[in-house]
Amino acid sequence: MLMLSNATAHYHPLSQSACATNAVENFVDDSEEYALSTRIHAGNHGRLMMLSISTALLLIITIIQALCLSSARASHEGVLSYTGLNSARNIERLGSVPTPYMAENETEAAQAWSAIEPGHGVVALDPQWAAINGLPATKAHPINSDKVVYIIEAYHAIHCLKVIRLHYSALMDELGMDWPVEHDMHCFDTLRQHIMCQADDTLLSTTGHRDAGMNQTRMCRDWDALRQWATEHTACYHDTVGIHNDARFERCDGGEDGLPRNSLLELS
């Protein structure tokens with residue numbers, strides 16, 4: 001997999017917006033002018049009128065601040081700034097049941113894992129679009145010089161998982177190690193960071209027998225939508241070994257990443 005720096009998403013804490021600030025300033029000015037004009041009226045009627053107007057103005061400010069805060073929240077929630085993928089986990093998926101990826105027949109399981117194309121998540125983007133969206137500098141596309149290359153983090157995690165399983169299987173078959181252990185260590189920590197960053201708080205059922213979340217439906221983000229966005233911006237990168245890095249950018253996958261559609265479990 002290409003070794004690129006992760007894109008940094010900028011978070012801007014919610015703060016009192018300009019419209020609320022202006023409302024407060026206008027209220028202060030109006031209150032001072034009103035107080036000055038009513039000093040010549042010492043009666044209870046004048047005081048009651050000022051109190052009523054002040055209360056009404058305070059209520060208006062509260063409503064304005066609430067609307068501004070709601071608008072600010074809406075600008076930070078709902079969709080990601082890069083792919084347009086909905087940030088909400090609003091897709092129901094059944095998980096933790098036997099799948100082709102954990103078949104008892106290792107040949108079948110290995111075939112399922114081998115079919116996964118992590119390179120599907122390597123995308124070619126317009127450099128001006130990348131700059132506008134605050135993405136860090138990255139590798140230029142070696143074939144299409146008008147584009148720059150980024151890796152979707154979820155696909156990088158899939159790449160690491162696939163590599164670690166391949167190496168684990170090789171060790172189980174006593175084939176020895178012919179790969180740099182540093183890459184595996186990189187992938188282990190990449191997965192740790194990815195899991196911590198996602199902070200998935202789904203509560204999984206268990207009987208205490210290595211069955212966390214077995215046959216449990218959970219709420220997920222839309223992988224199919226992410227796959228489609230990657231397809232629309234493909235860098236035609238094939239994630240494999242034994243081929244020079246730039247030559248990997250000469251194989252498109254036809255929009256397939258080898259992973260299940262509309263499911264976490266079954267291959268279509």
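So, starting at the N terminus, the elements of the protein chain go α-α-β-α-β-α-β-α-α-β-α. In total, that's seven helices and four strands. Keep in mind that this is a predicted model. The chain has 268 residues, and 30% of them count as buried. If you take the contacts with a separation of 6 or more, 73% come from residues 24 or more positions apart.

Let's go to a helix pair. Helix 5 covers residues 153-172, helix 6 covers residues 181-198, and their axes come within 9 Å of each other. How are the two oriented? The axes cross at roughly 135°, and since angles over 145 would be needed for roughly antiparallel, helix 5 and helix 6 are oblique to each other. The crossing itself is left-handed.

Who's touching whom here? From helix 5 you get E153, A154, H156, A157, H159, C160, L161, V163, I164 and H167, and on the helix 6 side they meet H183, D184, H186, C187, F188, T190, L191 and H194. By type, the residues of this contact split into nine nonpolar, seven polar and two charged. Look at the spacing along helix 5 too, with A157, C160, L161 and I164 among the residues in the contact. As a reminder, an α-helix has 3.6 residues a turn, so residues three or four places apart point the same way.

Next stop, H120. You'll find H120 in the loop between helix 3 (106-114) and strand 2 (122-125). Is H120 buried or exposed? Its relative accessibility is 1%, so H120 counts as buried. What does its side chain pair up with? There's a polar contact of 3.0 Å between the side chains of H120 and T231. Setting aside neighbours within four places in sequence, H120 is in contact with Y155, R227, A230, T231, Y237, D253, G255, E256 and D257.

A couple of those names lead us into helix 7, residues 223-232, where R227 and A230 are buried, along with D224, L226 and W229. What do the buried residues of helix 7 pack against? Strand 1 (91-95), strand 2 and helix 5. And at the start of helix 7, a side-chain oxygen of D222 comes to within 3.1 Å of the backbone nitrogen of D224.

That's my tour, so over to you for questions.

Conventions. Residues numbered from 1 in each chain as written. Predicted model: local features only at pLDDT ≥ 70, side-chain atom pairs only at ≥ 80, totals over all residues. Heavy atoms only, no water. Axes fitted to C-alpha atoms, helices over the stretch in contact; angles between N-to-C directions. Helix = DSSP H or I, 4+ residues; strand = E, 2+ residues; numbered from the N terminus. Parallel < 35°, antiparallel > 145°, perpendicular 65-115°, else oblique. Left-handed = near helix turned anticlockwise from the far one by under 90°. Contact = heavy atoms within 4.5 Å. Nonpolar A, V, L, I, M, F, W, Y, C, P; charged D, E, K, R; others polar. Buried < 20%, exposed > 50% of the residue type's maximum accessible area, 1.4 Å probe, protein only. Polar contact = N/O pair within 3.5 Å; in protein donor to acceptor, adjacent residues only side chain to side chain.
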